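Me: Can you walk me through this one? I'd like to ask about a few parts of it.

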Amino acid sequence: MRGVVLHAPGDVRVEERADPAILAPTDAVIRLSATCVCGSDLWPYRGIERVERPSPMGHEYVGVVAAVGDEVRTVRPGQFVVGSFFASDNTCEICRAGYQSSCVDREPIGAFGSQAELLRVPLADGTLVATPDVPPDDLVPSFLAASDVLGTGWFGAVAAEVGPSKTVAVVGDGAVGLLGVLAARQLGADRIIAMSRHEPRQKLATEYGATDIVTERGDEGVARVKDLTDGLGAHSVIEAVGTQEAMMQAVRSTRPGGHVGFVGVSHGVELPGQELFFSHVHLHGGPAPVRRFLPELIDLIWNRRIDPGRVFDLELPLDRAAEGYAAMDDRSAIKTLLTV
Ligand SMILES: [Zn+2]
């Protein structure tokens, strides 16, 4: 099969890789319908995150089940499935509490590389969710979004305790931040402040439900959020970047007693203890337990209640993956979909 491999910072290639096979009776192998490049793929691409190289890339995926092991019960060949970026058993205590991305048996899909024609998914019953039928082509990007960026934005909103009558601020205008806006709207937020200085992203944020746009960042961004909230700060803030500046912007934009849902993969973030102590802010986040939300998200997409696939503003065949990485690296694309 063909698959994306990172050889060095800035050097991704599509090359021939071994076809995956069923190794355990709980495995499935799926033939991908589409895959995509994640903002978190840019950390190793930029050489900021060290990885073993050459490294297969990708952890977001949708596709049709090609084969299953003897013990797989809930998915079968021919079904269209969505999975999350950590395989999980969905039966341990941690999974049952809703934290499948910390499952005691978890396996990172990124290690197998989903930017490829085929993918082995361990713990298929606990990881994959089938759609009601094979979806029409126009729904595929939205299901692909559910595999990570929608599930992650949704978890950010849930972790930030978004709900009716709340004012929400979203730090970060990448795909996760934009879908955090969508999630906040779905969860009934009263007012949604999107923090973005990029016009096309502001437009999509508004279409997804943002009521206010703040272009300032850092301390000025915090001051603008305070201006918009009677000097108090937002009830709920979604942090979807992962840098020190973004995290502090999130903490400082939250009112005392409010909640930060931090879902940007943290890189070099250090929290000042005393400021945190006096902030009275709740912090919750981490790698999104996407599996918790998949049944609900699949239902919303299948019934065309939400359209998260619009975050894909560049579509390329798998063989041109390198262009897709470059476009996201220079921010000319929000998110690249790779057709397989
Ligand atoms: Zn588990």
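Reply: Here is the structure, and the questions follow.
Reply: This is a predicted model, where local features need pLDDT of at least 70, side-chain atom pairs count only at pLDDT 80 or more, and totals for chains, interfaces and linings use all residues. Residues are numbered from 1 along each chain as its sequence is written.

Me: Where does R53 sit?
Reply: R53 is in the loop between α1 (42–45) and β4 (55–56). Helices (H or I, at least four residues) and strands (E, at least two) are DSSP runs, numbered from the N terminus.

Me: Is R53 buried or exposed, and why?
Reply: R53 is exposed, because 12 other C-beta atoms lie within 10 Å. The cut-offs are 20 or more for buried, 12 or fewer for exposed and partly exposed in between, with C-beta atoms placed from the backbone.

Me: Which residues does R53 touch?
Reply: Leaving out residues up to four places away in sequence, R53 touches L6, H7 and A8. Contact means C-beta atoms, placed from the backbone, within 7 Å.

Me: New topic. How do α5 and α11 cross?
Reply: The axes of α5 (residues 149–159) and α11 (residues 290–302) come within 9 Å and cross at roughly 105°. Axes are lines fitted to C-alpha atoms over the stretch in contact, with angles from 0 to 180 degrees between N-to-C directions.

Key:
Contact = placed C-beta atoms within 7 Å.
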